[in-house]
Amino acid sequence: MAVHASRNVAVLGATGSIGASALDVIARHPERYRASVLAAGGNVDALLALCATHRPDHAVIADEALYARLRDGLSDAGLATRAHAGMAALDMLVVDPDCHVVVAAIVGAAGLASTLAAATAGKRLLLANKESLVLAGELMIAAADAAGAEIIPIDSEHNAIFQCLRSRQAQAQVSRIVLTASGGPFRGRSRAELAQVTREQAIAHPKWVMGPKISVDSATLMNKGLELIEAHHLFGVGRDRLDVLVHPQSLVHSLVEFVDGSTLAQLGLPDMRTSLAVGLGWPERIDSGVGGLDLLKHPRLDFEAPDLAAFPCLQLAWEAMAAGGTAPAVLNAANEVAVSAFLQGRIGFLSIPALVEDALAALPAVPADSLEVLLAADAEARRLTEHNLAGHLSA
Ligand code: NAD
Ligand code: MG
């Protein structure tokens with residue numbers, strides 16, 4: 001029997017939905033994996049509770065004002081875990097030789113620096129933070145390839161494609177990659193019906209339990225748009241070989257069609273622990289806690305085309321991908337600002353695509369060969385969209 005040295009895993013975004021799933025899988029294999037770094041944005045109490053359970057070497061809170069609470073909480077609990085604050089601490093811990101695997105599960109562009117640091121340091125990178133690939137996909141893939149980092153996508157669709165390809169890059173023999181989409185909570189609604197939907201309705205996803213930002217992205221279909229761009233970078237395929245199919249049961253997680261007419265799909269219950277177990281164990285298969293799929297209990301698999309008129313975010317993402325350069329960074333940044341305003345009850349649902357469209361129109365794509373250019377586009381799109389919010393505020 002093979003003997004495995006225990007692998008130290010940094011879980012970035014530990015207090016979130018993906019973080020919880022990752023820690024669940026890690027805890028099932030104490031002889032193989034240990035959570036050595038836990039990092040969160042601002043929820044210091046949740047982070048302290050996780051430290052008490054998982055006893056990591058390091059805990060990081062991004063909000064520097066919370067450093068003392070983290071440090072004192074750890075020492076009050078009698079834990080040897082070292083407290084850190086700020087994003088720079090995160091980047092330092094991720095590149096440390098003691099860290100073997102990085103679960104990149106921070107939400108939004110806030111995850112870019114640590115994800116890029118892990119790629120540059122040649123780590124095994126379990127990549128959930130799709131926004132970092134949308135923002136700087138070329139740089140991220142180039143950094144990973146140069147350093148020999150193994151990127152294993154955690155997004156269920158990309159994890160499915162990864163499994164069907166059995167590697168990260170699509171071979172020339174792949175004729176089409178089809179991302180499935182649940183359609184979100186508003187599948188089948190017309191654009192007019194979407195004008196009045198509420199925050200609570202938008203985050204009540206029919207199939208997946210996720211953080212609020214990605215839940216809204218699933219409701220607008222921007223999530224699928226971000227995933228197209230993610231797939232483009234991960235698998236090296238252009239628009240001509242990418243497609244989206246709505247599949248409300250969320251059991252087929254994506255499909256790969258080959259030039260010989262064969263299509264491979266990956267199926268399973270909608271539970272992110274499967275993707276995380278693939279990421280941790282690959283090329284081995286390890287227990288994830290997710291049961292097998294009983295197709296007699298789930299005998300129906302339906303498929304339909306996405307409604308681009310009702311869900312223009314998907315179309316905007318296609319266009320940003322085709323424009324390339326800074327366009328995906330602008331799309332992502334405008335979307336983050338708009339979704340945050342929607343979650344705060346400041347704007348209506350249809351203002352999200354309107355604000356993204358305005359940002360893309362006002363900031364035409366320019367070639368992006370450096371991180372500086374991309375970060376400048378991100379900042380400019382945020383500033384512009386914050387400004388444009390004024391014209392959309394709810395009564
Ligand atoms: P979440 O909102 O539940 O959790 C986000 C985590 O990021 C939290 O731990 C939070 O503390 C942390 N965070 C936020 N801002 C931070 C900052 N500035 N610095 C450090 N940490 C910060 O989100 P989630 O649903 O777990 O999603 C995380 C990422 O995974 C997103 O990019 C999302 O698109 C992707 N993803 C999630 C799912 C899912 O099922 N939840 C599926 C596919 C992809
Ligand atoms: Mg997904």
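The following legends describe close-up views of a predicted model.

**View 1. Ligand 1 and its closest residues.** In this predicted model, ligand 1 is surrounded by 24 residues. Thr15, Ser17, Gly41, Glu131 and Gly211 are the closest of them. The shell comprises 14 nonpolar residues, seven polar residues and three charged residues.

**View 2. Polar contacts of ligand 1.** At serine 17, a backbone N or O atom is 2.9 Å from an oxygen atom of ligand 1. At glutamate 131, an N or O atom of the side chain lies 2.7 Å from an oxygen atom of the ligand. At glycine 211, a polar backbone atom is placed 2.8 Å from an oxygen atom of ligand 1. The ligand on its own exposes 830 Å², of which the protein buries 86%.

View 3. Most peptide bonds are trans. The bond that leads from tryptophan 282 to proline 283, however, is cis, and its omega is near 10°. Proline 283 belongs to the loop between α12 (273-281) and α13 (312-323).

**View 4. The backbone at arginine 166.** Most residues other than glycine have a negative phi. Arginine 166 is not a glycine, yet its phi is positive, at about 60°. This arginine 166 is located in the loop that runs between α7 (156-165) and β8 (174-181).

Terms used: Residues are numbered from 1 along each chain as its sequence is written. Chains are lettered from A and ligands numbered from 1 in the order in which they are written. This is a predicted model: local features need pLDDT of at least 70, side-chain atom pairs count only at pLDDT 80 or more; totals for chains, interfaces and linings use all residues. Side-chain values use heavy atoms; hydrogens and water are left out. A residue is near a molecule or strand if one of its heavy atoms lies within 4 Å of it. A polar contact is a pair of N or O atoms within 3.5 Å; within protein, one must be able to donate a hydrogen and the other to accept it, and residues adjacent in sequence count only if both atoms are side-chain atoms. Accessible areas come from the Shrake-Rupley method with a 1.4 Å probe; for residues, only the protein chains shown count as cover. Ala, Val, Leu, Ile, Met, Phe, Trp, Tyr, Cys and Pro count as nonpolar, Asp, Glu, Lys and Arg as charged, and the others, Gly among them, as polar. Helices (H or I, at least four residues) and strands (E, at least two) are DSSP runs, numbered from the N terminus.
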